[in-house]
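The following paragraphs lead the reader through one protein model, from its overall fold to individual side chains. Please keep the structure in view while reading.

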Amino acid sequence: MTGYQYFHGDYTTIYFFFPSFKLTSASGLVIAYACTALMCFGERSCSYFLETYQYSASFRIRDVLIKSSGYLLATILRYLIMLLIMSYHSGIFIITVLSLSLGQCVIEYIKASNTTHLPIPSSDNSHYSLPSGTDNFPEYNKNMSIDA
């Protein structure tokens, strides 16, 4: 059995998916790192697409095919990332974790910037005005009292 079964940093004995792409130099390793990062960002992008895709009122078959194709691509990328991790190369592992985390951070930033945040009332409510449409919510009622 050849190959490492533990984390290592040797780049002269691993293949990057195909036998023709054997890592034999530092430049090959940098290219492998870049491809890894692109795959991780692609996977996070596909996941974000799947979370936010809205079905239209018509053309339901088209919407199902689009979303299913996105799921197919996300699944392929996830399994390719898994195969990369199974190389036990410590650099590829670190790049994978950092790329997935950075991609998720960007997605969370996009989600947070698209979210409407309701203001939190102060204790005296002197400088607070209720957002329109929140009159029926007790947590925004200025005269709310808690009975024990």
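The model is a predicted one. On this basis the protein contains three helices and zero strands, and its elements follow the order α-α-α from the N terminus.

How much of the protein is buried? Of the 148 residues, 24% are buried, a class that requires under 20% relative accessible area.

The UniProt record, an unreviewed entry, carries the annotation "transmembrane region" for residues 20-43 and 91-110. In the model, residues 20-43 are 75% helix and 0% strand, and the C-alpha atoms at the ends of this span lie 24 Å apart. Residues 91-110 are 100% helix and 0% strand, with 28 Å between the end C-alpha atoms. Helix α1 comprises residues 26-52, and helix α3 comprises residues 90-113.

A pair of residues illustrates how separate parts of the chain are placed relative to one another. Leu98 belongs to helix α3. The C-alpha atom of Leu98 is separated by 8.4 Å from that of Ala37, although the two residues are 61 residues apart along the chain. Leu98 is classed as exposed because its relative accessible area is 54%, and the threshold for that class is over 50%.

The surface also includes a nonpolar patch. Which residues make this patch of about 620 Å²? Its members are Phe17, Phe18, Tyr79, Met82, Leu83 and Met86. One of them, Phe18, is located in the segment before α1. Phe18 counts as exposed because its relative accessibility is 54%.

Attention now turns to charged side chains. The model contains five salt bridges, where a side-chain nitrogen of Lys or Arg must lie within 4 Å of a carboxyl oxygen of Asp or Glu. In one of these, Arg78 is paired with Glu43, and the closest N and O atoms are 2.8 Å apart. This pair links distant parts of the chain, since Arg78 lies in helix α2 (residues 60-85) and Glu43 in helix α1, 35 residues apart.

Another salt bridge joins Arg62 to Asp63, with 3.8 Å between the closest N and O atoms. Arg62 is partly exposed because its relative accessibility is 45%, while Asp63 is buried because its value is 1%.

A further salt bridge connects Glu108 and Lys111, whose closest N and O atoms are 3.9 Å apart. Why are these two residues separated by about one helical turn? Glu108 and Lys111 are three residues apart in helix α3, so about one helical turn lies between them. Each counts as partly exposed, Glu108 because of its 39% relative accessibility and Lys111 because of its 28%. Elsewhere, salt bridges with shared partners join Glu43, Arg44 and Arg78 into one network.

The loop between α1 and α2 contains Gln54. Is Gln54 buried or exposed? Gln54 counts as exposed because its relative accessibility is 62%. The C-alpha atoms of Gln54 and Lys67 are separated by 9.4 Å, and these residues are 13 residues apart along the chain.

Finally, the cysteines may be considered. A disulfide is a covalent bond between the sulfur atoms of two cysteines. How many disulfides does a search of the whole structure find? The search finds zero disulfides. Cys35 counts as partly exposed because its relative accessibility is 30%, and Cys105 counts as partly exposed because its relative accessibility is 49%.

Note on methods
Residues are numbered from 1 along each chain as its sequence is written. This is a predicted model: local features need pLDDT of at least 70, side-chain atom pairs count only at pLDDT 80 or more; totals for chains, interfaces and linings use all residues. Side-chain values use heavy atoms; hydrogens and water are left out. Helices (H or I, at least four residues) and strands (E, at least two) are DSSP runs, numbered from the N terminus. Buried means under 20% relative accessible area, exposed over 50%, partly exposed in between (1.4 Å probe, protein chains only). Patches are made of residues with over 30% relative accessible area and no salt bridge: like charges are joined within 9 Å, nonpolar side chains (Val, Leu, Ile, Met, Phe, Trp, Tyr) within 5 Å. Accessible areas come from the Shrake-Rupley method with a 1.4 Å probe; for residues, only the protein chains shown count as cover. UniProt positions are given in the numbering used here, feature names are shortened, and annotations may be inferred rather than shown by experiment. A disulfide is a pair of cysteine sulfur atoms within 2.5 Å.
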